[in-house]
Amino acid sequence: MAKKIKAPKHVPHKRENIESEYVLETRNLGISFGGLKAVQDVNLKIKKNQVYGLIGPNGAGKTTVFNLLTGVYQPTTGSFYLNGEDLTGLSQEKINRKGFARTFQNIRLFNNMTVVRNVMVGLSNQPEYKCTLFESIFRLPRHFIAERKMRKRAKELLDIFGLLDERNNLACNLPYGKQRKLEIARALATNPKLLLLDEPAAGMNPNETEDLVNTIKYICENFDMTILLIEHDMKFVSGLCDQITVLNFGTVLAEGDTKEALNNPEVIKAYIGG
Amino acid sequence: MNKKEKFFSVMKKVGTGAQKFSKNYLNYTVILAVMLVFTIFALATPMKDSTALLFQKITVAVILAVSLNFVVGFLGELSLGHAGFMAVGAFLGGKLSTILVNALGANSTNIFILILSLVLGAVCAAVCGVVVGFAALRLRGDYLAIVTLAFGEIVRVVFINSSYDNAINKINATKLPEFIKNFFAKILELLDFGGALGLQSPSFPKKKMYILVIIGFLLILFTLFVIQNILKSKTGRAITAIRDNEIAAKAMGIDVTKHKLMVFVISAAFAGMAGVLFSYANKPVSASSFGYNYSIEILIMVVLGGMGSINGSIISASLITILNEFLSKKLTGDNAIYKDLFYAVILILVIIYNNAPALKNLREKLNLKNLVGKLFNKIFKRKPNPSSVASDAARWDVVPTKIEMNEVLSTDVVIDYTGENSADIDERGGSDNGKEN
Amino acid sequence: MDLLTIIINGLSIGGIYAMIALGYTMVYGIAKMLNFAHGDIIMVGAYTVVLLFTTSPTVGIISALVLCVLVGIIVEKAAYRPLRGASPLAVLITAIGVSKLLQSAAQIFIGSEPKGLTLNLGEIRLGSLHISVLTLLTILISVAVMAGLTLFVKYTKMGRAMVAVSEDRGAAQLMGINVNSVITVTFIIGSALAALAGVFLLFKSQSVDSTFGAMPGIKAFAAAVIGGIGSIPGAMVGGVVLGFIEAIFAATPLRDYVDAIEFAILIIVLLVKPTGILGKKRREKV
Amino acid sequence: MKLKRVFAIVMTIVLCFGMVAVLASCGNNEVNYAENNTKIKVGVSGPLTGGAAMYGIAVKNSAQLAIDEINAKGGVNGVMLELVAADDKHDATLVSTTYTTLYEGGCQLFLGTVTTKPGIQFKDYATEDGIFYLTPSASGDDIPYADGGFQMCFTDSNQGTASAKLFNENYAGKKIGIFYKADDDYSVGIKNNFVKNLDASFGKIEEASFTGDTSLFDSQISMLKDCDVIFMPIYYTPASQFMKQGANIVKADAVYFGCDGFDGIDAVDGFAIDTIPQEVSYLSHFDSTATEGPAADYIKAYKEAYPNEPLNQFGAAAYDCVYAMVAALEKSGEEITATMSAQDMSEILLAQFKGGFVFNGVTGKCEGENKSTITWNADGTVDKEAVKYVVKEAGANG
């Protein structure tokens with residue numbers, strides 16, 4: 001039906017796994033919309049248990065990188081690897097199942113579902129809660145076992161974020177800060193190897209931010225997690241990230257240790273203006 | 001065992017089953033109870049034909065409304081072709097029962113044949129559900145609604161022209177070998193659904209209609225069993241997650257394709273079953289009964305009962321069917337048109353009341369939403385404190401009314417230009433909320 | 001049937017579809033809603049003309065325009081505006097309700113029997129070919145309307161405001177555009193086009209009943225989609241394409257399946273190229 | 001918690017009892033004629049609203065007219081009649097309501113349904129209950145049956161055959177076109193039989209069709225424009241639209257030839273039939289333009305009683321139906337009471353109608369002041385003479 005006659009000259013990427021010591025490695029990752037190169041030549045290398053920052057002025061292409069990594073957009077150039085496994089060109093849900101989980105800049109919760117059910121949606125694909133549709137419909141034992149286990153796990157996750165008491169409230173009724181936390185909890189529920197946080201501290205007051213920093217640290221340690229985050233709050237970034245990449249106009253401006261990169265004159269110029 | 005003892009032993013079994021159900025599943029209990037009372041009455045005294053016929057209509061309407069609600073209320077997609085699925089079930093099931101009854105020389109009330117027809121009707125409708133479901137993968141909102149409407153019309157046109165006497169005559173007039181002529185004649189005969197007049201499939205006589213009603217009640221229970229169990233499982237959470245925010249659902253690893261297809265297929269299958277029930281109660285089965293207007297009638301039941309409320313659908317389908325029956329007897333002549341006007345006005349008012357952003361405060365103050373469902377919850381099931389209202393087991397009763405749903409639905413068209421899994425998402429609805437980056 | 005006749009028949013019905021589709025496309029492009037009641041506004045217009053035709057056709061046509069515009073404004077204010085910002089599902093269901101409301105109101109006020117008139121505008125004969133004056137008028141006026149709309153959108157302040165609202169309602173509002181009034185104007189234009197289409201449709205069929213506009217309305221929406229919704233020339237192209245499809249299939253043994261074929265084409269277009277022939281593609285930000 | 005559960009059970013019981021009460025009030029299946037009936041009830045199911053309302057309303061009014069006349073003359077052996085009309089909107093699914101309304105409401109004489117589609121369901125129910133009906137206008141081939149379903153109108157196939165016969169005799173050598181409605185059983189039924197019985201000498205027949213509510217016939221007119229005679233087995237509304245739209249395109253000396261559905265075409269709203277140049281005629285069992293004779297008497301009486309209501313052959317047939325059933329009852333010589341059951345009355349009627357009952361009515365061919373002669377075949381079909389009526393001669397006068 002949909003013949004590829006009209007398709008843009010997009011050569012399908014042939015997936016090849018590589019040897020890599022990094023949790024996430026991207027090679028020359030880029031995308032162009034029409035003629036506009038929104039992101040080009042991004043090479044990220046993120047080690048295990050690292051909290052990696054992706055910063056840059058507005059419109060630098062940070063969220064686009066996230067969208068590329070999570071399969072929302074398909075890269076026009078380059079590829080990316082999770083522990084050496086090539087994930088380029090996979091669909092969003094497949095990438096998630098491989099081990100990428102993300103939050104959104106504009107919160108995207110399942111608003112008309114309760115908090116605990118939001119998290120349970122994230123748990124759906126875990127092998128330990130496996131039960132088929134048939135088992136669910138006919139209420140076979142595995143359904144109940146899976147449900148009980150999922151609920152327990154969801155409560156544990158909510159407890160970490162201090163949301164346990166809110167678990168039966170609708171997600172849309174939560175205050176803003178808690179909605180952010182719920183999004184992270186929900187992302188964690190998919191048991192990712194890499195967590196992508198898109199401006200997790202946006203709109204939070206200093207107390208909440210500090211709280212969040214602690215939570216992220218906690219996650220990193222206790223969940224054996226690697227985190228890639230986008231943030232504008234430099235204090236937040238320097239307090240959390242050991243390495244960062246600075247994007248500007250879709251290209252990498254600087255990368256490396258947080259302090260060094262932030263003191264890079266190019267970066268300061270990009271931020272302060274020039 | 002004599003008839004009476006047998007009856008009581010069955011009753012006892014059903015009784016214990018009912019008690020067990022009533023702990024968690026109120027609607028099963030009520031429907032079971034109604035069914036039992038109906039059965040007792042049907043068996044004990046010959047009931048009026050009109051009563052049995054009315055109940056027959058109610059059972060069909062309830063199955064249709066609940067299955068449509070599965071798509072509209074829970075998946076959040078508008079289907080204007082539900083009558084089309086029903087037509088597929090009615091015609092194919094009816095055709096099968098016609099063939100079987102003729103071939104086996106069986107009675108038209110043969111339950112075995114009825115069950116086979118129900119299965120075939122459901123399967124064929126489900127296949128159509130796959131077709132429409134595929135459209136649902138690429139389209140959303142208004143566009144999908146139009147596709148479902150178009151589907152319903154196509155089904156209607158195909159069935160209304162499904163009389164091939166002329167074609168057979170033309171083939172017979174050619175000089176083809178006899179066996180080819182016979183072959184074509186056989187094929188066309190198989191595809192013949194009566195055309196303009198409709199299919200005269202076997203149906204239950206009025207006096208036996210109560211059997212069809214009981215089967216209808218059992219099918220309602222089956223519908224509820226399947227749909228409610230799906231909704232109260234991880235699949236159901238995934239479906240409501242897709243409704244609430246498709247992009248986030250994908251990011252949570254939910255296979256949107258699979259779930260959307262599944263919802264359309266299941267909903268279509270039940271509509272198909274309702275169609276078979278319909279074909280067993282009506283003669284002829286005419287394609288003109290399954291037009292766009294009938295789809296709208298089902299939609300009205302769903303909307304008035306509350307999108308996303310199964311109990312609401314059951315109640316409103318029953319009440320509207322009874323009201324229709326009552327009004328069509330009471331309103332004669334020109335007055336009958338007022339019924340349509342009434343439904344149209346009620347539909348508009350209910351939607352505005354439930355959805356208008358400006359009425360949010362009023363809504364919260366009056367809190368009428370799902371009034372009946374809430375009354376049910378209040379009286380039967382849930383503790384009266386507010387946290388229990390939000391108890392997650394009951395949360396599938398919630399209707400999306402917030403702007404957020406707009407966010408989901410505003411992206412009408414998902415196009416896949418590359419033919420791969422690229423995620424170019426066409427924005428047609430234009431988002432109203434400035435939150436987007 | 002010879003080819004020329006098919007072409008003329010196609011243009012004649014296609015012109016009317018185009019006129020309706022123009023209204024659809026305007027409303028859909030700017031108000032972002034599928035106005036199911038558009039077809040029924042056509043019916044309102046046609047009824048007005050029929051009832052006033054014996055008095056004076058001109059008065060009939062003018063009152064049809066006025067009444068349709070009034071109905072359009074009332075419907076927009078009373079039924080659609082309260083739902084601005086609500087889910088499109090709700091708006092769509094309301095539109096269906098409005099459509100049913102107009103139909104049953106027409107039945108109550110005018111009756112379920114069709115009303116008719118007899119009109120003969122004559123025809124032009126070119127050899128064996130007969131072209132009715134009405135067909136020529138239909139084509140001319142729909143082209144003129146399309147041109148007028150294009151100019152209006154391009155060169156007037158209100159037109160540019162419409163484009164802005166259709167591109168991004170939020171941003172347009174921030175730029176000081178009164179979105180409400182833009183949408184009202186859209187509905188006025190759409191309803192006026194519906195009235196015009198109603199007049200031509202009536203002159204063609206010479207009879208009207210309460211479901212007069214329903215089918216042409218849905219088909220014209222199909223035309224708008226095929227042409228590319230939101231695109232003014234697209235509506236024109238879509239309408240003519242649909243008119244040709246109808247005329248061509250009417251001459252084949254498949255004629256009884258014409259509706260099904262048109263809807264099948266609609267589905268295929270939506271699945272393969274949802275932006276239609278002349279529509280453009282946009283992407284959503286995540 | 002516990003209280004709630006108890007309450008739930010109580011509520012369920014109350015609900016069930018409520019239903020019991022509802023069902024009980026419905027009573028059992030036996031219709032109590034002795035209690036309900038003081039007059040003989042005549043039941044008819046027809047479209048009183050919707051697109052086909054003009055037929056149902058004409059039937060209802062005409063039946064009422066006949067009943068009023070009979071009552072004024074003292075009823076059936078002194079027992080008065082009463083009409084019960086139920087609205088089926090030409091929808092087969094509503095027959096379950098209309099039939100039970102009539103039957104359970106105590107009707108004893110049945111006019112069946114006005115249209116064919118609901119009529120099939122009606123026939124099923126009537127067979128089950130052992131009810132006789134004489135339908136004025138449900139012309140489908142499936143409607144009549146030997147054990148109780150009789151027709152006052154011709155069946156579709158008989159109309160098709162009769163028309164073909166007329167064509168074979170009158171229009172030999174002309175180019176024939178057919179314009180029919182593909183999704184209407186009436187139209188398709190007549191058309192198929194017409195084509196089947198047409199002489200082979202006519203050569204190729206142009207067929208054009210339409211479906212649904214379409215009112216634009218450009219393509220169909222283009223296809224039929226060269227035909228000399230256009231056969232139109234359709235109702236008058238689309239026929240009038242076709243004629244108006246094709247006035248200048250179709251041959252000016254062509255003939256539009258219709259069936260009983262044409263009856264009333266000269267009274268269609270907004271259709272100035274004199275402005276079209278072609279001839280319009282039809283084959284029917286009733287002449288609604290009659291100015292003298294029994295048909296004219298009926299028309300006059302109808303117009304006096306219902307000046308603004310639709311008048312067509314459906315009504316005339318219904319008028320005849322009521323008179324025919326009453327005549328049959330009177331002829332039987334049995335004692336007729338208002339409290340007889342429908343089954344008993346049906347038995348009497350069936351015996352009469354199957355036993356060579358002859359009725360003189362306003363439909364069929366009336367010679368001068370004499371009423372027509374109508375008899376019935378054992379299979380329920382009617383035997384009377386159809387007449388070709390010319391509504392309008394060729395040539396435009398307007």
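Reader: What makes domain 1 and domain 2 of chain D separate domains?

Author: Bear in mind this is a predicted model. The domain assignment of chain D puts 36-154 + 292-385 in domain 1 and 158-284 in domain 2. Their centres, taken over C-alpha atoms, are 29 Å apart.

Reader: How do you know which residues of domain 1 of chain D are in contact with domain 2 of chain D?

Author: The cut-off is C-beta atoms within 7 Å. On that basis, 11 residues of domain 1 of chain D are in contact with 9 residues of domain 2 of chain D. The domain 1 side has 3 nonpolar, 6 polar and 2 charged residues.

Reader: Over to chain A. What makes β7 and β11 edge strands?

Author: The open sheet of chain A has 6 strands in the order β7-β8-β9-β4-β10-β11, with mixed pairing. β7 (100-102) and β11 (251-257) each pair on one side only, and that makes them the edge strands. From one strand to the next, the twist averages 15 degrees.

Reader: Why do β4 and β10 of chain A count as paired?

Author: Pairing needs at least two bridges. Strand β4 (residues 51-55) of chain A has 4 bridges to β10 (residues 243-248), and the two run parallel, so they count as paired. One bridge links Y52(A) with Q243(A) in β10(A).

Reader: Which strands does helix α1 of chain A touch?

Author: Helix α1 (residues 62-69) packs on the sheet, touching β4, β7, β8 (194-198), β9 (226-230) and β10 of chain A. The direction of α1 makes about 145 degrees with that of β8(A).

How values were computed
Residues numbered from 1 in each chain as written. Chains lettered and ligands numbered in written order. Predicted model: local features only at pLDDT ≥ 70, side-chain atom pairs only at ≥ 80, totals over all residues. Axes fitted to C-alpha atoms, helices over the stretch in contact; angles between N-to-C directions. Contact = placed C-beta atoms within 7 Å. Domains from an automatic or database assignment. Nonpolar A, V, L, I, M, F, W, Y, C, P; charged D, E, K, R; others polar.
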